[in-house]
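Here is a short briefing for a first look. Keep the sequence and the 3D view side by side while reading.

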Amino acid sequence: MSQTKKTNVAILGATGSVGQKFIELLSNHPWFEIAELAASDKSAGKKYSEAVNWVMQTTLDKKIAAMEVLKCEPNLKSKIVFSALDASVAGTIEEDFAKAGYIVISNARNHRFDDDVPLMVPEINSDHLELVKVQKFGKGAIVTNPNCSTIGLVMALKPLADKFGIESVNVVTMQAISGGGYPGVPSMDIIDNVIPFIGGEEEKMEKEPRKILGSLSGGKVEYAHITVSAQCNRVSVIDGHMEVVQVKLKKKVSKEEIIEAWNNFSGEPQKLNLPFAPAQPIIYLEGEKYPQPKLHRNLGNGMAVSVGRLRECPLFDYKFVVLSHNTVRGATGGTILIAELMKAKGYLD
Ligand code: NAP
């Protein structure tokens, strides 16, 4: 896709950890230009460098540092807004922006289950974007990104659901500290420890896959009939959510057929050659000790999901391990890929 002029975008919640990651990943983006940054009233009016506690591993760009932080009010000049707002305020602010004609692409959980809002992983359910046309916001729209641990799971499940059908899934997560934002869990709690509870996470993992893997029919999503049981744990890893998965399939299949389904999987982002699309979205790793967060979270620039240790399961049919970068594929990178898909399909014109 040839691009001449970049599209201006704004970031709501630009000072938070997800907001900072947006700034990092959008720097030098071929299609999008960060034109405005917004956050709470406490930050508004300040220079970005004064309002933010920059915790990214790259230096803060001088132009961004000098930008004035604006209020999250729908009077911005950028019509495309990425939301990295705290869930306590995201619901109403995102709706106000959509009503005022802005296209909101959000990381927050608030609108994920609105009937007319796509819950999107571009490789999996790009057709759900059609829902935007039945939204009540006129020119505006809201599109959401799933929870960071859901994304890795559904990526691994999608080829199996398409080719063999899935009856039920059991998943146990080992989730990175960065998934809780900054500063996250106190160091005294997480060093030398595993915390077997992440508030609200198991409910999200049990429900979100059913909408994402559901099919669009008559202007709404018919949820997939898959039972998911999830247990979520916080572990002492900085980035990269690992998940051990057991799956019961509708058909008898061989291990080779499953690995082939993963390695050959690709979706609309690959077809459209979108800038953030990894060439191979699911990579099966043969090593018996793979995948590992430290070694594999950055595959495909953090956008590829790695899978390993596929073996037969005496309780379900098969079991395996999934790894995905929670702040890239699981949050900002995934959201940017949604924006690219929308741009390529003419939703941002
Ligand atoms: P965070 O660090 O707490 O940042 C929250 C942002 O919201 C800040 O920019 C804050 O601005 C802004 N904000 C708070 N109250 C506001 C208000 N009343 N009006 C306008 N802006 C307000 O949170 P985060 O970890 O970046 O997460 C952001 C969102 O992404 C959350 O909904 C979270 O659930 C979701 N998410 C997070 C992750 C992750 O890996 N952390 C992954 C996926 C999704 P000030 O600095 O001015 O207070």
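How many cavities of 30 Å³ or more does a search of the whole structure find? The search finds one. This is a predicted model, where local features need pLDDT of at least 70, side-chain atom pairs count only at pLDDT 80 or more, and totals for chains, interfaces and linings use all residues. Residues are numbered from 1 along each chain as its sequence is written, and side-chain values use heavy atoms, with hydrogens and water left out.

**The cavity**

- The largest cavity has a volume of about 30 Å³.
- A cavity is a set of points on a 1 Å grid over the protein atoms alone where a 1.4 Å probe fits but cannot get out; lining residues have an atom within 4 Å of a point.
- Grid points are joined across faces, edges and corners, and the volume is the space filled by probe spheres set on the points.
- Its lining consists of M120, V121, P122, N145, I151, R329, G334 and I338.
- Five of the lining residues are nonpolar, two polar and one charged. Here Ala, Val, Leu, Ile, Met, Phe, Trp, Tyr, Cys and Pro count as nonpolar, Asp, Glu, Lys and Arg as charged, and the others, Gly among them, as polar.
- Helix α12 (residues 328–344) gives the largest share of this lining, three residues.
- Helices (H or I, at least four residues) and strands (E, at least two) are DSSP runs, numbered from the N terminus.

**The six-stranded sheet**

- Six strands form an open sheet with mixed pairing, in the order β10-β7-β11-β14-β13-β12. Two strands pair if DSSP finds at least two bridges between them.
- β10 (227–234) and β12 (282–285) are the edges; each has a single partner strand, so one side of each lacks a neighbour in the sheet.
- From one strand to the next, the twist averages 20°.
- β7 (residues 166–175) and β11 (residues 241–249) are antiparallel, paired over eight bridges. I166 has L249 in β11 as its bridge partner.
- Helix α8 (residues 201–212) lies across β7, β10 and β11, at about 145° to β10. Axes are lines fitted to C-alpha atoms, for helices over the stretch in contact (heavy atoms within 4.5 Å). Angles run from 0 to 180 degrees between N-to-C directions.

- β1 (residues 7–12) runs parallel to β2, joined by six bridges. I11 stands opposite L37 in β2.
- In β2 (residues 32–39), seven of the eight residues are buried. Buried means under 20% relative accessible area, exposed over 50%, partly exposed in between (1.4 Å probe, protein chains only).
- I64 sits in helix α3 (residues 62–65). I64 counts as buried because its relative accessibility is 8%.
- Leaving out residues up to four places away in sequence, I64 touches I23, I34, L37 and Y48.

Definitions and conventions. On a 1 Å grid over the protein atoms alone, a cavity is a set of points where a 1.4 Å probe fits but cannot get out, and a pocket is an open set with protein on both sides within 12 Å along at least five of seven lines; lining residues have an atom within 4 Å of a point.
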